[in-house]
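Please open the structure in a viewer and keep the sequence panel in view.

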Amino acid sequence: MAAGRALLSSHTGLAAIAPLSSIGSRAKGLASSIALLRRRCPSALVSTSARCCSRQQSEGAVEEVKGHGKEETFVLTTPLYYVNAPPHMGSAYTTIAADAIARFQRLMGKKVLFITGTDEHGEKIAAAAEASGTSPSEHCDTISQSYKMLWTELDIAYDKFIRTTDLKHEAIVKEFYSRVLNNGDIYRADYEGLYCVNCEEYKDEKELLEDNCCPMHLKPCLMRKEDNYFFALSKYQKTLEDYLASNPDFVKPSFRLNEVQGWIKSGLRDFSISRSSVEWGIPVPNDNKQTIYVWFDALLGYISALLGEGEQPSLQQALNSGWPASLHLIGKDILRFHAVYWPAMLLSAGLSVPNMVFGHGFLTKDGMKMGKSLGNTLEPKDLVQRFGTDAVRYFFLREVEFGNDGDYSEDRFINIVNAHLANTIGNLLNRTLGLLKKNCQSTLAFDSSVAAEGIAIKDSVNQLVEKARYHYENLSLSSACESILEIGNVGNLYMDARAPWSLFKQGGACPELAAKDLVIILEATRIIATALSPIAPSLCSKIYSQLGFSKEQFESITWDDTQWGGLKAGQIMAEPKPVFARIENSDEEKRNVVFPKKAKDKKKSLRQGLVEA
Ligand code: MSP
């Protein structure tokens, strides 16, 4: 929270700016803000038009609803990344998670708008450009491009990439600023406080370490005295308090809601939204001696990103194309900006607040947040080159419970992806296809629905798929992976229990039973590939291809394809090829291979219960 003293000053040229003391007289504006909040649908993760419908039915539909199409759109965003340095694994983490959620929502049949981008203004960026000996705009072009390249390497299928140096964004920020100004929520004052350039935030002395060091960046904050424009955040204290009390799903996970409520309760202070000392930024409308504070600029990227190519850059136009967002995915360090400042700013401008802000934890190294400022980062490019995109995506989403912190260890990385992707899934598929080739000319002899008649495995798989869907819906990505992997465990146990290789050698009905068993296991791997496709798209595409489907068929799958019965008699499988190459590591033999806990515990009961329905 902004520390220091905001001193109302008697600057000239402020006729349009209402002083803080007049805030009480603007009760009407505030009352309509509350109405805006109340009109929001309470349920979590409802997509834009679903909420629009209910809003339109209520009296005095809000402005931004007009003209918005009927089709449901799930709008989700990553933070816009600072371009002071190229991306590291910490920045990639949010984006991978967002991509998995976007892909899941698409599978569910939703129209999705997945927004990401770069935050390019401010002191920190200007300093980085200077250090690299380039102009700020050249520097931003280079780093912004490196983000885009990494997203391609990581299979990130975003729909919009917004740069805060885009002209259309600047127009939106200025229009938004004017709206807030007209609502009387901006005033001018002198300000003195301790500033952390890396956080781009004034700090309270009590939250700092020795020598006024920022606890996040371990660098001393600097005393600053400036004449700035302020946003009247304090005015929204009660509104936000009431809103969070009646909409607990606004901040997730729920333990972060408590944190946000604590901040609000301890008192909201107005914060400065301009800098007189920073040139690299959007000029304040009507005062080009000041630039707009990076956060008052960057948050608006979530709205300016909605504009289509060549569209009139007006707030109304942008809002019509998908506001409010369904989900802002962010790291816990920027929760205050998204769950306190941002809703208050939106209310001040007469706009709806997003449906949900999810604050995930940090990737840490030796317990410290991985970051550009501390220089303890992990290079996502190196990881992708050494282990492949699917391994990187799977490991971080499976290993770190979304919402909590997680420490990286290479040993664990190799153990997990080898055990889960190479063994449990890849090997199961490969050995089943090998048996099918040897005994059935790589052709399925039965429909999977017929093969599974009276067999309990089908129900187990259906239940696990349902669990995975539930976890995806609740953004519990690690648990979703766990449920899907459990299908692989079930498949392996079934294979071992039935031993089809031996049945093929026996007489009577045995070879037919063995052929059915292979269909059953392949159907389970097809379901795994469907359900896991948001997490490891390229691996799942390979599985589909091994099962004899075309790329187009894979690309048109939906969540309904997780239902049992997709594989039909006569389908010809591809030549068996491993879908995930085991990562070699000389130390590996010494390590314990990790199996999911639940699978281990359940091993015995599964073995007994799988075969007979
Ligand atoms: N520019 C602001 C966001 C503006 S959004 C309108 C910003 N940028 S950032 O590049 O510093 O951080 C972007 C995101 O990366 C944040 O959500 C942050 O939490 C996340 N991460 C950066 N390091 C991280 C880890 N070590 N682990 C997980 N996420 C981390 O803040």
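The model is a predicted one.

**The sheet**

Begin by selecting strands S4, S3, S2, S13, S14 and S8, in that order; these six strands form an open sheet with parallel pairing. Which strands stand at the edges? They are S4 (160–163) and S8 (251–252); each has a single partner strand, so one side of each is left without a neighbour in the sheet.

Next, select S2 (residues 73–82) together with S3 (residues 111–119). Eight bridges join this parallel pair. Leu-80 has Gly-117 of S3 as its bridge partner, and Tyr-81 stands opposite Thr-118 in S3.

**Two cis peptide bonds**

Move to the loop between S8 and helix H8 (254–265), where Pro-253 is found. The peptide bond joining Lys-252 and Pro-253 is cis, with omega about -10°.

Then select Pro-324, in the loop between helix H11 (315–320) and strand S13 (327–331). The bond from Trp-323 to Pro-324 is also cis, and its omega is near 5°.

**Two residues with positive phi**

Select Asp-211, located in the loop between strand S6 (201–203) and strand S7 (222–231). Its phi is near 55°, a positive value in a residue other than glycine. Is Asp-211 buried or exposed? Asp-211 is exposed, as its relative accessible area is 63%.

Continue to Gln-441, in the loop between helix H15 (410–440) and helix H16 (448–451). Gln-441 is likewise a residue other than glycine with a positive phi, near 50°. Its relative accessible area is 61%, and Gln-441 is exposed.

**A helix pair**

Finally, select H17 (residues 457–473) and H18 (residues 477–498). At what angle do these helices pack? The angle is about 170°, and the axes lie 7 Å apart. H17 is therefore roughly antiparallel to H18. The crossing of H17 past H18 is left-handed.

Show the side chains at the contact.

Key: Residues are numbered from 1 along each chain as its sequence is written. This is a predicted model: local features need pLDDT of at least 70, side-chain atom pairs count only at pLDDT 80 or more; totals for chains, interfaces and linings use all residues. Side-chain values use heavy atoms; hydrogens and water are left out. Axes are lines fitted to C-alpha atoms, for helices over the stretch in contact, and angles run from 0 to 180 degrees between N-to-C directions. Helices (H or I, at least four residues) and strands (E, at least two) are DSSP runs, numbered from the N terminus. Angles under 35 degrees count as roughly parallel, over 145 as roughly antiparallel, 65 to 115 as roughly perpendicular and the rest as oblique. A crossing is left-handed if the near helix is turned anticlockwise from the far one by less than a right angle, and right-handed if clockwise. Two strands pair if DSSP finds at least two bridges between them. Buried means under 20% relative accessible area, exposed over 50%, partly exposed in between (1.4 Å probe, protein chains only).
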